[in-house]
Every structure is written in C-alpha cells, then in structure tokens.
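Here is a short tour for someone meeting this structure for the first time. Keep the model open beside these notes and look up each spot as you go.

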Amino acid sequence: MNMEERLANTVRSLPPSGIRRFFDMANELKGQVISLSIGEPDFVTPWSVREAGIYSLELGNTHYSPNQGFLNLRESISRYMKNRFNLTYSPATDIVVTVGGSEAIDLCVRSLINPGDEVVIPEPCFVAYQACVWLAGGVPVSVPCTQADDFKLTPDQLEKAITPKTKLVMLGYPNNPTGAVLSRTEIQALAAVVLKHDCLVLSDELYAELTYEPAVHSSIAAVHGMHDRTVVIGGFSKAFAMTGWRIGYACGPAVLLAAMNKIHQYAIMSSPTTAQDAAIEAMNNAEQYVAPMREEYNRRRRFVVNACREAGLTCFEPLGAFYVFPDITVTGLNANDFCELFLKEEKVAIVPGHAFGVSGEGHVRISYAASMENIREAMVRLRRFVARRCEHA
Amino acid sequence: MGRKEEILSLLERNAKLTSEEIAVMIGRPIDEVEKTIANMENSQVILGYHTLVNWERTASASVTALIEVRVTPQRDMGFDHVARRIYRYPQVQSCYLMSGGFDLMVIVEDKGLKDVAMFVSEKIAPLDSVLSTRTHFVLKKYKMNGTEFNEQASDHREAVVL
Ligand SMILES: Cc1ncc(COP(=O)(O)O)c(C=O)c1O
C-alpha cells in the first residue's frame, strides 16, 4: 500500500519547510552550538504563575473546562484587553481560549475561508499563516515587504494585493522574524484600505507586550470601524514565557467567535485546565511579570543590533518581538549558505530569512531570547565570521 | 527605573560588565555611563565590586553563622556604638539592626565551628552592653544575593523552532 498516495491532496501539496536540512543540522549539533535560532523565550515562566498552575493541580482541577475557556479567565482577558489596548470584548461571547495562538489562527482561517478565497499575507512572516490558509483550501497571496520599508506592509502594497476574491488580510506585528512594529498612523493607513475593500483582518498580536521605546503597540482593532471586522490573536507564550503550557486566545466579533468555538469544541474540546488557571494569574498581574523580561530583552536587543552593525551588517532597528533581522549580502553569501557556514565554522545557529518568505532572502533571523553570556560570545563569533567572509567576497 | 538605577541593577548582577557594554545595552553614550558610575562610586552609592563565591566547591571551605545579639542601647549612641565594636572584626560579613526579638543580626564567616564559637564567646558575649547571644550555623546555602547555588544553567529548548 502506498500511504503517501492516500494522504489528502491539501496535505500532500503543502510544501515542506524549505530549511528542513538546516533544522536537521542544527539539531544534530544541539548541545555543541550556541543557539540564537529559537523563537521562544529563554526565561522560565515567572514563579508565581507556575505556582498558580501547581496550586490548580493541588486543588484537583484536572477536568475539562467550558469549551471557550473558564469564564474567570475570559473576564481577566477582557479586562486586560480593555486596560492595555483599549479594546472592548464581552467575556460571554467575544473570547475563546485556545491551545496557543497557533490554534486561534487556524480556527479563524477555517471559520472564514471557502475554497478559492484569497488571503493577503505580508512576508516575511510566521510560517504557519500560509499553511493554515492552504489547508483550509484558501489561496495565500504573499506580499513581499522590503528592507526599504523596514519590512512593514505599505498601504500601496496592500491595495495592489487585494482582488475581488480577497476575504482576509493577515497581519503579524510586532513581527516574527523582522521585529518590525507598526505605528498608529501606519495602522490607520492600512485600515483605510481594508475598509475600502470590505475585507476582514486577522491580527496576530502575540508579541504585543514586547515593544521597545519609542514604539508602542497599537491594535488595528482599535481603529474606528475595524473592531467588528478584526480577530485579535493573543497569547501567553511570548509575553509570559509560557510556550510549553499551550495556551492563547482569540477576541473578535461574536458571530465569528461562535463559529471558531464550534470548530474548537469538536477538534480540541477545551484548552489545558492547568494552563488556564496559571494564565489567570498572568493576566491579572501582567505588567509585574512582563516588565522585567521586557527590560532585559531591550538591553539584549540593543547589544545585538550594535554588534551586527559593528560587524558590518546593515541592520534596521527592530522595535518589537525578540528578533534582529540583519542584511548579510555584504558577505557575498545567500542566507542559507551564511547560516550553514556560520553553524559549521563558528557553532552558532541562526535562521535563514527566506524560511519566512522569499523577501527574507539576504537576511538572517537572530533571536535574542538567549542568555547575555551566549549572546556576547555569539556576537564575537559573528564579527569574526563576517570579517573572514568579507575578505573572501 | 531611572538611568542610575538601571546601571546599578546591571552592575549588581554582573560587576564585570564594561562601561561600553552598559552604554550599548541602555542606549546611552559611553562617557555618560562612565561619569555616572564614577559619581556613584564617589558618593558611595557603589561601595565595591565583589565576587560571589561558592566556597564549598573549593579546597578552603568555611562556616557561616548567624548570631542573634540582644544589647542594651547606650545613652546618646543608641545601638550604633556597640554595633561598630562588633562589625569591625574582619570575620563579620554583615551586621544589621533588627526589629523584633533581638537587636543585632551578625553574620560571621570563619574557618571552622570552633573559630566562630570562640569569636562569640571571647569577643561578642563579654561586651558590656551585650545581654545575650544565640548562634545558628548555616548548613547549606541555597541562594545568596539573588543567585541560586547548584542550579545547572542549561538550555533544554529545541534548536530551531520557528
Ligand atoms: C507571530 C507568531 N504568532 C503565533 C505564534 C504561536 O504561538 P503559540 O501557539 O505558542 O501561542 C508564534 C510562535 O512562534 C509567532 O511567532
């Protein structure tokens, strides 16, 4: 029997990750390399949040929760969204607690997309967007953003990408992998185009808590007219260093959220109960937990940007998330060769930019979610490596 | 957090950071950082740069004891005078005035149990204003100055996760 042939067409035709070989290499060398390749915090979840999870287990809270998540968690999320981003969501109807932001993205796409519907996706971006659209039978329409625009989607580009078939625009800012953050004005300009063409927006705001002076995160859902056509994806993974708990949420218009909850109910039942109890503690004292990590990220961010520039790489100032996305073309290498050679010769793992879309070619993603000691050493090696390569070039 | 406080909290965690590194991390010019640090040294906000040592991992282990001391405060001088007579001994690592059941908490480090005991009975207990002492020996250090002892810093994360 040829099992491969029996797989669903959508899955078979889903292109495998372009940097699989690089993944395997990096994982083989795991333990011997400094890894600045990782898209998750190096911090452990703050102790009080972990403790809330442990306490939940002690109480014997080991059962399913309501499908949309515990009401008190949804109330906490609602309060948080109001206080932090001035967004109003009813805990009863507008919020679903999911298994990570990942599930929320998938739910939103599956709830909206009919076969043939187009979804505009600015690149470089988180790798799951295209895959979700593809699996839902939609058509991902990639828009390559450029270094000249600090990797931000421009209203012009959006206008050009929209066709009569466009249903949804997916925005991921603060951005993984570039660290780009949209200003309020930039968001308003994009919103105007969205409104003009009557599209919907999925706004992946997983990194909303991680922006650095002078940037502040503002949500497109807060722009006049956008609240009822936007799903905001929120999470705990990045802000509270809770990747392994598998919890996140979606907020948006009630009818759409009810549809998302319908899929969630059949596919997932409910998010992990322990994680939900821990997440309540995280939400209720958010700033207390986020602030120290944000300050530490910011110091590392400045350090890495400075080191990249000193090494001779062009590097725009990333004001969000925990990534730096320098241009490595001066070395004469493409992103893949750069990363493979850097891994082999200097034992540092970083990710080639094209893994996040073709316009990432010529760039690499350096994650500063790593200890300062490792970052410092990795930057010494980066300088050495780039100098050596530039001699060759 | 103010600029000074930010520099202090960085140095408190890692005194080996150079002014240059601090300048990059907080996004200020080097000479400003150098000047701020020099000012804080002069005004004794920064009192020193120490190394946190886990002596247990060396050949020269020592013992640490907390000594609770009850004293009668002295006219015009309160507790300061007697505290000074105690904390001047080099064995005394720290000395605090306390609220509650006793007055001075004296932290002593010495070569062995006997040395500490002798120090207490010969130097502290006989002082006129000392009413009583109670000595507690430290059996194990779990955490000191914000640093956890014996914790292996290792990275269990997957090498590449997008
Ligand atoms: C932009 C972005 N969105 C969503 C996610 C998914 O996060 P989670 O499912 O852990 O909440 C990630 C994780 O890397 C991300 O970078």
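**Notes on the predicted model**

1. Residues are numbered from 1 along each chain as its sequence is written, chains are lettered from A and ligands numbered from 1 in the order in which they are written, and side-chain values use heavy atoms, with hydrogens and water left out.

2. Next, the overall build. Chain A contains 14 helices and 12 strands; these are DSSP runs numbered from the N terminus, with helices being H or I of at least four residues and strands being E of at least two. Its C-alpha atoms fill a box of roughly 60 × 55 × 50 Å along the principal axes. For 393 residues a compact globule would have a radius of gyration near 21 Å, and the 21 Å of chain A agrees. That radius is taken over C-alpha atoms, and the globule rule is 2.2 Å times the number of residues to the power 0.38.

3. Now the surface and the charges. Of the 393 residues in chain A, 58% are buried, where buried means under 20% relative accessible area, exposed over 50%, and partly exposed in between (1.4 Å probe, protein chains only). The accessible surface of chain A is about 15,800 Å², with 54% of it belonging to carbon and sulfur atoms; areas come from the Shrake-Rupley method with a 1.4 Å probe, and for residues only the protein chains shown count as cover. Chain A carries 36 positive and 42 negative side chains, and the centres of these two sets are 1 Å apart. Lys and Arg count as positive and Asp and Glu as negative, without His and the chain ends, and each charge is placed at NZ of Lys, CZ of Arg, CG of Asp or CD of Glu.

4. Where does A:Trp47 sit? This residue belongs to helix α4 (residues 47–58) of chain A. A:Trp47 is exposed, at a relative accessible area of 51%.

5. A word on the cysteines. A disulfide here is a pair of cysteine sulfur atoms within 2.5 Å, and by this rule the count over all chains is 0. A:Cys199 is in no disulfide, the nearest cysteine sulfur being that of A:Cys108, 13 Å away. A:Cys199 is buried, with a relative accessible area of 0%. The sulfur of A:Cys390 lies 13 Å from the closest cysteine sulfur, in A:Cys308, too far for a bond; A:Cys390 is partly exposed at 33%.

6. Why is helix α2 (residues 19–26) of chain B described as largely enclosed by the rest of the structure? Because 6 of its 8 residues are buried: B:Ser19, B:Glu21, B:Ile22, B:Ala23, B:Met25 and B:Ile26. These buried residues pack against α12 (286–311) and α14 (372–392) of chain A, together with α1 (3–13) and α3 (30–42) of chain B. After α2(B) comes B:Gly27, with a positive phi near 70°.

7. One residue of helix α3 of chain B is B:Thr36. B:Thr36 is buried, at 14% relative accessible area. Neighbours within four places in sequence aside, B:Thr36 is in contact with B:Lys4 and B:Ile7.

8. Finally, some backbone details. Most residues other than glycine have a negative phi, and most peptide bonds are trans. A cis bond, with omega about 0°, joins A:Glu123 and A:Pro124, and A:Pro124 is in the loop between β3 (118–123) and α7 (128–135) of chain A. The bond from A:Glu213 to A:Pro214 is also cis, with omega near 0°. A:Asp198 is not a glycine, yet its phi is positive, about 55°; this exposed residue has a relative accessible area of 55%. A:Met269 has a positive phi near 75° and is partly exposed at 35%.

Conventions. Predicted model: local features only at pLDDT ≥ 70, side-chain atom pairs only at ≥ 80, totals over all residues. Contact = heavy atoms within 4.5 Å.
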